[in-house]
Amino acid sequence: MIEIKNISKKFGKLTVLKDINLHFNKGECIALIGPNGCGKTTLIKSILGMVLPDSGAIDFNGKSVLGDYLYRENIGYMPQIGRYPDNMTIGQIIEMIKKIRNSNEDLDEDLLKEFELDKMFDKQMRTLSGGTTQKVSAVLAFLFNPEVLILDEPTAGLDPLASEILKEKIIREKEKGKLILITSHLLSELDDLITEIIFMQDGEVHFHKKVEALKAETKEEKISKAIATILKDKRNEQIN
């Protein structure tokens, strides 16, 4: 589905990605986690074509993304902070994106209805709370039925009900065979969702494991505790 081969990236003298190799398959829901500044955002933006790696390659469905842009139509992206024209309404934003995409595919408006945004079409973006803006971003990410969903801190700012609605939607899409990448600091939010975990630190992948293998290895039931156990073990190895 998506293969990342030996990609590296520097911004000035700062190396943010160091020889990254990863493979993402259909039907997986993968958590990309790590401390701030570990390279998660740069990796995501490289997949989206928003950042050009200094070296290495990224393939989408067996074809290089270099010099291509049409592959992005198969990706739905929900940024951590969506930025929209202040004076436009929710309805205008959604209609604008529909016209830009000019897609003949059936639209996925599940979240539009479940978040009840269809009742708020006349509200200007500048009047919205952070949580409602997040809902707009979620609707746009899922709208065109993409093969791949990249969700950056998707539940940040959402109220508990909206968060649960979004998580249930993610599970349904995973069951359809879609690939879903999620970045999150809220590991407790991920327990019911993810099948694999990638932990990054200092621009490198420290591990990429199936959730069940991670739990079996650490003898922990919760993902957050399993990751904490692995990190403690690595720290102890370095000390010794």
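Thr132 counts as buried, at 12% relative accessibility; buried here means under 20% relative accessible area, exposed means over 50%, and partly exposed is in between (1.4 Å probe, protein chains only). Thr132 sits in helix H4, residues 130–142. Helices (H or I, at least four residues) and strands (E, at least two) are DSSP runs, numbered from the N terminus. Leaving aside residues up to four places away in sequence, Thr132 touches Leu117 and Met120, where contact means heavy atoms within 4.5 Å.

All of this comes from a predicted model, in which local features need pLDDT of at least 70 and side-chain atom pairs count only at pLDDT 80 or more, while totals for chains, interfaces and linings use all residues. Residues are numbered from 1 along each chain as its sequence is written, and side-chain values use heavy atoms, with hydrogens and water left out.

Zooming out, the protein chain has seven helices and 10 strands. Its radius of gyration is 18 Å, close to the 18 Å that the globule rule gives for 240 residues, so the chain is as compact as a globular protein of that length. That radius is taken over C-alpha atoms, and the globule rule is 2.2 Å times the number of residues to the power 0.38. Along the principal axes, the C-alpha atoms fill a box of roughly 60 × 40 × 35 Å. Of the 240 residues, 46% count as buried. As for contacts with a separation of 6 or more, 68% of them come from residues 24 or more positions apart.

Next, the strands. An open sheet is built from four of them in the order S2-S1-S4-S5, with antiparallel pairing; two strands pair if DSSP finds at least two bridges between them. Strand S2 (14–24) and S5 are the edge strands, each pairing on one side only. Strand S1 (residues 2–11) and S4 run antiparallel and are joined by five bridges. Lys5 has Ala57 as its bridge partner in S4.

Helix H1 (residues 40–47) is largely enclosed by the rest of the structure, because six of its eight residues are buried. Those six are Lys40, Thr42, Leu43, Ile44, Ser46 and Ile47. After H1 comes Gly49, which has a positive phi, near 80 degrees.

The structure also holds two aromatic pairs. Phe60 and Tyr71 make a tilted pair, at 5.7 Å centre to centre and 50 degrees between the planes. This pair links distant parts of the chain, 11 residues apart: Phe60 is in strand S4 (residues 55–60), and Tyr71 is in the loop between strand S5 (63–64) and strand S6 (75–78). Both Phe60 and Tyr71 are buried. The Phe199 and Phe207 rings have their centres 5.7 Å apart and their planes at 15 degrees, so that pair is stacked. Rings of Phe, Tyr and Trp (its six-membered ring) pair if their centres lie within 6.5 Å; planes under 30 degrees apart count as stacked, over 60 as edge-to-face and the rest as tilted. Phe199 is buried, with a relative accessible area of 6%, and Phe207 is buried with a relative accessible area of 6% too.
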